[in-house]
Structures are given as C-alpha cells and as structure tokens.
Amino acid sequence: MKKHIKLIFLSFLFIGFNVCVFAQSREIKFLVNGNCSMCENRIEAALNVNGVEHADWDISTKMCTVLFNRNKIKEDNIHRIIALSGHDTPEYKAEEIKYQDLKACCQYKRIYSE
C-alpha cells in the first residue's frame with residue numbers, strides 16, 4: 001500500500017513539474033519582412049539569444065515562429081531584436097540605417113509606418 005501511495009505521489013509530482021516547465025514556454029507567430037535565405041539566416045541568428053528556444057522564419061509566408069521562455073525574455077524584446085537586425089515586424093520598424101545596410105536582395109518593400 002505504501003508503495004502505491006509513493007508511486008501516486010511521484011506521478012503527481014512529475015506531472016506538476018512538467019506543467020510548470022511547459023507553462024513557461026510560449027509560441028508566437030508574426031510577420032517579419034524579408035526576401036531571401038540571407039534574410040532567413042539573419043533573422044534566425046538574431047534570435048539565438050537566452051530565452052528563445054526555437055526560431056524559424058519562412059521565406060514564402062514571411063512568418064516567423066518563435067518558441068520562447070516567458071520568464072527569460074519578453075515578446076516585445078523578440079520584436080526589438082529582429083528590428084535591430086534590419087527587419088520590420090508589426091511591433092517595430094527597423095532603423096533606416098539598419099535597413100540600408102542590408103544587401104540589395106534583402107531590401108524588402110517596407111509596409112509598416114512609423
């Protein structure tokens with residue numbers, strides 16, 4: 001009987017731990033302007049920061065999918081990081097100097113206003 005109680009307790013403890021860990025992770029999807037595989041590499045490399053667990057930018061849809069730990073990084077910071085790399089998001093427009101520093105093939109049509 002004691003073994004069953006210990007087993008049930010450990011099961012609940014394990015489930016509770018997993019719920020806490022996964023509750024910290026969040027996935028977001030949003031548009032990021034860009035054109036080519038160099039843009040993809042730049043965007044994904046920019047998101048190689050503490051708190052971002054996975055980042056993927058799709059060339060054809062221009063959608064960026066980011067899995068991140070909400071306790072380590074805020075969604076707002078993710079948008080800022082991308083803008084600092086020269087790419088506009090719905091939340092932040094890249095500085096003009098950053099945009100102009102992109103190679104010609106990477107200079108996308110800017111659709112967000114300031």
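No disulfides are present in the structure, where a disulfide is a pair of cysteine sulfur atoms within 2.5 Å. A disulfide is a covalent bond between the sulfur atoms of two cysteines. Cys39 is in no disulfide, and the nearest cysteine sulfur, that of Cys106, lies 3.6 Å away. Cys106 is likewise in no disulfide; the nearest cysteine sulfur belongs to Cys36, at 3.5 Å. Cys39 counts as buried because its relative accessibility is 0%. Cys106 is buried, with a relative accessible area of 0%. Buried denotes under 20% relative accessible area, exposed over 50%, and partly exposed in between, with a 1.4 Å probe and protein chains only.

The model is predicted: local features need pLDDT of at least 70, side-chain atom pairs count only at pLDDT 80 or more, and totals for chains, interfaces and linings use all residues. Residues are numbered from 1 along each chain as its sequence is written, and side-chain values use heavy atoms, with hydrogens and water left out.

The protein chain contains four helices and three strands. Helices (H or I, at least four residues) and strands (E, at least two) are DSSP runs, numbered from the N terminus. Their order from the N terminus is α-β-α-β-β-α-α. Of the 114 residues in the protein chain, 32% are buried. The accessible surface of the protein chain is about 7600 Å², and carbon and sulfur atoms hold 58% of this area. Accessible areas come from the Shrake-Rupley method with a 1.4 Å probe; for residues, only the protein chains shown count as cover. Contact means heavy atoms within 4.5 Å. Among contacts in the protein chain with a separation of 6 or more, 50% are between residues 24 or more positions apart.

Strand β3 pairs with both other strands. Two strands pair if DSSP finds at least two bridges between them. Strand β1 (residues 25–31) runs antiparallel to β3 and is joined to β3 by seven bridges. Leu31 stands opposite Met63 of β3. Strand β2 (residues 52–57) is also antiparallel to β3, with five bridges. Here Val52 has Phe68 of β3 as its bridge partner. Strand β3 (residues 63–69) is largely enclosed by the rest of the structure, because five of its seven residues are buried.

β2 and β3 form a hairpin with five residues between them. Lys62 is found in the loop between these strands. The phi of Lys62 is near 65 degrees, a positive value in a residue other than glycine. Most residues other than glycine have a negative phi. Lys62 is partly exposed, with a relative accessible area of 24%.

The largest nonpolar core has 21 residues. Such a core is a set of buried Ala, Val, Leu, Ile, Met, Phe, Trp, Tyr and Cys residues joined through side-chain atoms within 4.5 Å. Phe30, Leu47, Val52, Cys64, Val66 and Ile78 have the most contacts inside this core. At least two core residues come from each of β1, α2 (37–46), β2, β3 and α3 (75–84). In soluble globular proteins, nonpolar side chains tend to be buried together.

Individual residues show how these elements meet. Not counting residues up to four places away in sequence, Val52 touches Leu47, Val66, Leu67, Phe68, Ile73 and Ile78. Ile28 lies in strand β1 and is buried, with a relative accessible area of 6%. The C-alpha atoms of Ile28 and Glu75 are separated by 8.3 Å, although the two residues are 47 residues apart along the chain. Ala55 lies in strand β2 and counts as buried at 16% relative accessibility. Beyond four places in sequence, Ala55 touches Glu44, Leu47, Thr65 and Val66. The C-alpha atoms of Ala55 and Ile28, 27 residues apart along the chain, are 9.7 Å from each other.

His79 is placed in helix α3. At 3% relative accessibility, His79 counts as buried. A polar contact of 2.9 Å joins the side chains of His79 and Thr89. A polar contact is a pair of N or O atoms within 3.5 Å; within protein, one must be able to donate a hydrogen and the other to accept it, and residues adjacent in sequence count only if both atoms are side-chain atoms. Not counting residues up to four places away in sequence, His79 touches Phe30, Thr89, Pro90, Glu91 and Tyr92.
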